[in-house]
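User: Can you walk me through this model? I'll jump around a bit.

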Amino acid sequence: MERRPNTDRPPKRRKRGKKTDIAKTALGAEPEKRGRNKTAPKKAGAAPRELSQHVKTAKQRKYSSTLWLKRQLNDPYVARAKAEGWRSRAAFKLLELDEKFSLLKSGARIVDLGCAPGGWLQVCVKAVGARGRVVGIDYLSVPPVPGATILEMDFLGEDAPTRLKEALGGPADLVLSDMAAPTTGHKSTDHLRIVALAEAALDFAEDVLRPGGAFVCKVFAGGAEGELLARLKHRFTAVKHAKPKASRSDSAEKYVVATGFKGQA
Ligand SMILES: C[S@@+](CC[C@H](N)C(=O)[O-])C[C@H]1O[C@@H](n2cnc3c(N)ncnc32)[C@H](O)[C@@H]1O
């Protein structure tokens, strides 16, 4: 009698040593190739799996960290950033914003608030050239970026604005803020923190920008943007929202881009 396959039997487990070595393969491969998923559902119309790289579960790793790692390893922007030498995938967000709004000019003075790990700094240094000045601040340590001055301190600290201005050596053409406070899980606390950061960034921008200068700030949809927007519209000639393609679609993050600073009030 013909033997039929036992469909109740659990699938054979692959030998331990043969599992994909994520650290080696994920970031080394071409971005296009990495999207392929051998285990993706084959049925037409079936929802594609969101993540294709397998990540071993480690006892020490929290579930949320495993998810984060999976997302990183399957993110084509992460791979592209690695391949092109950018410190972070965030670099593509600024490149996209610049393409749309022509923000980065040769010889410009730029401040980058919340600059770690340094992707935006790299983009700015490249754009401003030898005649420009780029100053970044973060409370996390950032490995040096040739051509940029980096302050390792809390932007909300009392002496941060003075230190930034000293390092800048003149009025700024552009103030960037990609700052994001770590979330606590407590909605109203997180919300207040986000708003406070954006407002502090705008206070600083109003203080250092030259007339005609620009301000770019990360904001979150659903935040109390009303007041911030009203202020921006009052102080700048044009205010636009943008969600770069490199910004994850499942993130509420977007950027407000204000150009044509009207000068000190
Ligand atoms: C999304 S990351 C910035 C990524 C950066 N634009 C890049 O291209 O690499 C946000 C940064 O904001 C920083 N940050 C948040 N609050 C801050 C504060 N009060 N002072 C300084 N840095 C802050 C965080 O430490 C974090 O490194």
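User: Which residue in E5 is the bridge partner of alanine 172?
Analyst: Leucine 209 is the bridge partner of alanine 172. Keep in mind that this is a predicted model.

User: How many bridges join E4 and E5, and in what sense do they pair?
Analyst: Five bridges, in the parallel sense.

User: What about E1 and E4?
Analyst: E1 and E4 also have parallel pairing, over four bridges. Leucine 113 has serine 177 in E4 as its bridge partner.

User: Why is E4 largely enclosed by the rest of the structure?
Analyst: Because six of the six residues of E4 are buried.

User: Zoom out. What is the strand order in the sheet?
Analyst: E3-E2-E1-E4-E5-E7-E6. That is an open sheet of seven strands with mixed pairing. The edges are E3 (148-152) and E6 (236-242), each of which pairs on one side only. On average, neighbouring strands are turned by 15° against each other, direction ignored.

User: Where is the antiparallel part?
Analyst: E7 (residues 253-261) pairs with E6 in the antiparallel sense, over six bridges. E5 and E7 run antiparallel too, and six bridges join them.

User: Which helices lie across the strands?
Analyst: H5 (residues 90-101) is one of them: it lies across E5, E6 and E7, at about 40° to E7. H7 (residues 160-168) lies across E1, E2, E3 and E4, and runs at about 160° to E2.

User: What does leucine 151 touch?
Analyst: Ile137, Arg163, Leu164 and Ala167, not counting residues up to four places away in sequence. H7 spans residues 160-168, and E2 spans 133-138. Leucine 151 and glycine 136 are 6.2 Å apart, C-alpha to C-alpha, and 15 residues apart in sequence.

User: How many residues does the largest nonpolar core have?
Analyst: 59 residues. Cys124, Val175, Ala201 and Phe215 have the most contacts inside it. Helix H8 (residues 187-208) gives the largest share, eight residues. As a general point, nonpolar side chains tend to be buried together in soluble globular proteins.

User: What is cysteine 124 in contact with?
Analyst: Leu104, Ile110, Asp112 and Val134, leaving aside neighbours within four places in sequence.

User: Now the ligand. Which residues come nearest?
Analyst: Ala90, Gly114, Gly119, Phe155 and Asp178, out of 23 residues around the ligand. The elements that give two or more residues to that shell are H5, H6 (119-128) and E2.

User: How does the shell divide into nonpolar, polar and charged?
Analyst: 15 nonpolar, four polar and four charged.

User: Where is serine 102, and why does it count as exposed?
Analyst: Serine 102 is in the loop between H5 and E1. It is exposed because 10 other C-beta atoms lie within 10 Å, and the limit is 12 or fewer.

User: Which residues of H4 are buried?
Analyst: Tyr77, Ala79 and Ala81 are the buried residues of H4 (residues 76-84).

User: And chain totals?
Analyst: The protein chain has nine helices and seven strands. Of its 265 residues, 33% count as buried. Among contacts between residues at least 6 apart in sequence, 62% join residues at least 24 apart.

Terms used: Residues are numbered from 1 along each chain as its sequence is written. This is a predicted model: local features need pLDDT of at least 70, side-chain atom pairs count only at pLDDT 80 or more; totals for chains, interfaces and linings use all residues. A nonpolar core is a set of buried Ala, Val, Leu, Ile, Met, Phe, Trp, Tyr and Cys residues joined through C-beta atoms within 7 Å. A residue is buried if 20 or more other C-beta atoms lie within 10 Å of its own, exposed if 12 or fewer, and partly exposed in between; C-beta atoms are placed from the backbone. Two residues are in contact if their C-beta atoms, placed from the backbone, lie within 7 Å. Two strands pair if DSSP finds at least two bridges between them. Axes are lines fitted to C-alpha atoms, for helices over the stretch in contact, and angles run from 0 to 180 degrees between N-to-C directions. A residue is near a molecule or strand if its C-beta atom, placed from the backbone, lies within 6 Å of it. Ala, Val, Leu, Ile, Met, Phe, Trp, Tyr, Cys and Pro count as nonpolar, Asp, Glu, Lys and Arg as charged, and the others, Gly among them, as polar.
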